[in-house]
Amino acid sequence: MSSVIGGILRLALLPLRAPFLLLLLLVSIYLGVHWVVNAPAQGLVNTEQDPVHGLYWTVECLQAMLVVVVASVPDLLLRQLSVLMAASRVITLIVSLLLVTVGGLYLLHLSALADVVILATAVLLARLDLTRIRVVPSPLFTAFSLSGYVMLGVWIGRELQLGGLMGAATGT
């Protein structure tokens, strides 16, 4: 029982030992607020039933999770990509074309690029801070846990902007 409590205490104190985890949480809260402000205009009374609203949030969350996964496991991802590209010239051309196309699309929309760069930087700093304090879990566990951490921050930011958390705290 005491080992479980000790584990929970170590996990709760992790953001104090690795302050860039707090920075990552603040960045994800900012992204949640930013996405609410920049969301497309709502056509229905209930925003949760608006298909454009749902698609917007789905794409933004998938983009954020993709950035977190790529920034969490760069060595594993790049090793697999190198093996794939070494297999064939056709695959090399297809992968290169895909990367250039996706990169070009992001460069066309600089606001999306700014969000991606800010989130990727925060994730890499958090990973560096975790490595500094010698907390190095498996790459997949890191990717899943940091993705959940970022999605929690996005949800908090969304609720703060929409007034859900503030309204619940004040009793309204």
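## Terms and basis of the model

A residue is called buried when its relative accessible area is under 20%, exposed when that area is over 50%, and partly exposed in between, with a 1.4 Å probe and protein chains only. By this rule, Arg158 and Glu159 are both buried.

The structure is a predicted model, in which local features need a pLDDT of at least 70 and side-chain atom pairs count only at pLDDT 80 or more, while totals for chains, interfaces and linings use all residues. Residues are numbered from 1 along each chain as its sequence is written, and side-chain values use heavy atoms, with hydrogens and water left out.

## Confidence

The predictor's confidence in each residue is given as pLDDT, on a scale from 0 to 100. The chain has an average pLDDT of 79, and 81% of the residues reach at least 70. Among the elements of the chain, helix 8 (residues 139-162) has the highest mean pLDDT, 91, whereas helix 9 (residues 164-170) has the lowest, 57. Where pLDDT is low, the predicted coordinates should not be read in detail.

## Overall architecture

The chain holds nine helices and zero strands, where helices (H or I, at least four residues) and strands (E, at least two) are DSSP runs numbered from the N terminus. Of the 172 residues in the chain, 30% are buried. The chain exposes about 11,100 Å², of which carbon and sulfur atoms supply 76%; accessible areas come from the Shrake-Rupley method with a 1.4 Å probe, and for residues only the protein chains shown count as cover.

A contact is counted when heavy atoms lie within 4.5 Å. Among contacts between residues at least 6 apart in sequence, 75% join residues at least 24 apart.

The expected span of a helix is 1.5 Å times one less than its number of residues. For helix 8, with 24 residues, this gives 34 Å, which agrees with the 34 Å between its end C-alpha atoms.

Which residues does Ser28 contact, once its neighbours within four places in sequence are left aside? They are Tyr149, Val150, Gly153 and Val154, and these residues are among the buried residues of helix 8. Ser28 itself is found in helix 3 (residues 20-37) and counts as buried because its relative accessible area is 0%. Other buried residues of helix 3 include Leu24, Leu31 and Trp35. Just after helix 8, Gly163 takes a positive phi of about 90°.

## Two salt bridges

The structure holds two salt bridges, each being a side-chain nitrogen of Lys or Arg within 4 Å of a carboxyl oxygen of Asp or Glu. In one, Arg132 pairs with Asp129, the closest N and O atoms being 2.8 Å apart. Arg132 and Asp129 are separated by about one helical turn, because they are three residues apart in helix 7 (residues 110-132). An α-helix has 3.6 residues a turn, so residues three or four places apart point the same way. Asp129 counts as buried because its relative accessibility is 5%. In the other salt bridge, Arg158 pairs with Glu159, and the closest N and O atoms are 3.8 Å apart.

## The loop between helix 7 and helix 8

Arg134 lies in the loop between helix 7 and helix 8, and is exposed because its relative accessible area is 74%. Phi of Arg134 is near 65°, a positive value in a residue other than glycine. Most residues other than glycine have a negative phi.

Val135 is found in this loop as well, and is partly exposed, with a relative accessible area of 27%. Leaving aside neighbours within four places in sequence, Val135 is in contact with Leu14, Arg17 and Leu130. Val135 and Ala18 are 117 residues apart in sequence, while their C-alpha atoms are 9.6 Å apart in space.

Pro15 is found in helix 2 and counts as buried because its relative accessible area is 18%. Leaving aside neighbours within four places in sequence, Pro15 is in contact with Leu21 and Leu22.

Leu9, Leu13, Leu16 and Leu22 make a nonpolar surface patch of about 380 Å². Patches are made of residues with over 30% relative accessible area and no salt bridge, with nonpolar side chains (Val, Leu, Ile, Met, Phe, Trp, Tyr) joined within 5 Å and like charges within 9 Å. Leu13, in the loop between helix 1 (2-12) and helix 2 (14-17), counts as partly exposed because its relative accessibility is 38%.
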